[in-house]
Amino acid sequence: MQSIQIDGISKFDSDLEDLLGKLPDKRRELHQRIAKTTKEEVDKQINASGLKDSSGKIKDWQESHVGSGGGYAAVRAEKGATGKNSPGAITNYLENGHRIREPGGNSKTYRPRIKKPYVDGYHFYQSAQTSAEAKAISEAEKFVEEFRQKLEG
């Protein structure tokens with residue numbers, strides 16, 4: 001019986017099998033790096049937005065998160081208490097703005113000093129999104145390059 005045997009393929013196949021076995025861990029590691037750089041970018045944008053956060057409370061409320069399967073990275077307000085004074089709600093008010101209640105003056109001659117019914121948001125998440133995407137793409141390219149180098153041996 002005739003056959004052709006190529007030994008290089010079996011070596012490549014075993015190397016590929018090893019790499020694919022490590023891929024879920026490497027994927028989680030990639031998303032952890034992306035989450036860290038995104039958190040740094042959000043912190044930078046909080047400082048640049050003009051928000052007075054000298055104590056660092058707002059930045060401390062933002063935390064990076066990686067999905068349970070290691071498939072995504074996010075930055076969001078910390079979990080915990082809920083309600084209108086929770087870190088998530090306050091982050092939302094600061095990011096998007098909020099309504100101002102109307103004054104309760106009862107006099108017929110009363111004129112409110114407030115001329116607009118809302119406070120503008122600081123949009124630090126929106127500002128961080130474009131540069132964070134570029135940094136995530138850069139991290140993904142580094143990941144692919146590392147994977148390629150391991151594959152080549």
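Predicted model: local features only at pLDDT ≥ 70, side-chain atom pairs only at ≥ 80, totals over all residues.

Q: How much space lies in the largest cavity?
A: About 80 Å³.

Q: Which residues line the largest cavity?
A: Leu-19, Lys-22, Leu-23, Lys-26, Phe-143, Glu-146, Phe-147 and Lys-150. Helices α1 and α4 each supply at least two residues of that lining.

Q: OK, pockets now. How much space is in the largest pocket?
A: About 240 Å³.

Q: Which elements each supply at least two residues of the lining of the largest pocket?
A: There are three to name: α1 (7-48), β2 (73-77) and α4 (124-152).

Q: Which gives the most to the lining of the largest pocket?
A: That is α4, with six residues.

Q: Names, please. Which residues line the largest pocket?
A: Ile-34, Thr-38, Val-42, Ala-73, Ala-74, Val-75, Tyr-125, Ala-128, Gln-129, Ala-132, Glu-133 and Ala-136.

Q: What is the split into nonpolar, polar and charged for the largest pocket?
A: Nine nonpolar, two polar, one charged.

Q: Let's pick Thr-38 from that lining. Where is Thr-38 found?
A: In helix α1.

Q: Is Thr-38 buried or exposed?
A: Buried. Its relative accessibility is 18%, and the cut-off for buried is under 20%.

Q: What does the Thr-38 side chain reach?
A: The backbone oxygen of Ile-34, at 2.7 Å. Ile-34 is also among the residues lining the largest pocket.

Q: Leaving out residues up to four places away in sequence, what does Thr-38 touch?
A: Val-75 and Ala-132. Both of those are in the pocket lining too.

Q: Next, Lys-39. Where does Lys-39 lie?
A: In helix α1.

Q: Is Lys-39 buried or exposed?
A: Lys-39 counts as buried because its relative accessible area is 16%, and buried means under 20%.

Q: What does its side chain make a polar contact with?
A: With the side chain of Asp-43, at 2.8 Å.

Q: And which residues does Lys-39 touch, not counting those up to four places away in sequence?
A: Lys-59, Gln-62, Glu-63, Ser-64 and Val-75. Val-75 is touched by Thr-38 as well.

Q: Switching to rings. How many aromatic pairs does a search of the whole structure find?
A: One. Phe-124 and Tyr-125 form it, with 5.5 Å centre to centre.

Q: Is that stacked, edge-to-face or tilted?
A: Tilted. The planes are 35° apart, so the pair falls between the limits of under 30 for stacked and over 60 for edge-to-face.

Q: Where is His-123 found?
A: In the loop between β4 (118-119) and α4.

Q: And what is the relative accessible area of His-123?
A: It is 30%, so His-123 is partly exposed.

Terms used:
Residues numbered from 1 in each chain as written. Heavy atoms only, no water. 1 Å grid on protein atoms, 1.4 Å probe; cavity = no way out; pocket = protein on both sides within 12 Å on 5 of 7 lines; lining within 4 Å. Points joined across faces, edges and corners; volume = space filled by probe spheres on them. Helix = DSSP H or I, 4+ residues; strand = E, 2+ residues; numbered from the N terminus. Nonpolar A, V, L, I, M, F, W, Y, C, P; charged D, E, K, R; others polar. Phe/Tyr/Trp six-rings, centres within 6.5 Å; stacked < 30°, edge-to-face > 60°. Buried < 20%, exposed > 50% of the residue type's maximum accessible area, 1.4 Å probe, protein only. Polar contact = N/O pair within 3.5 Å; in protein donor to acceptor, adjacent residues only side chain to side chain. Contact = heavy atoms within 4.5 Å.
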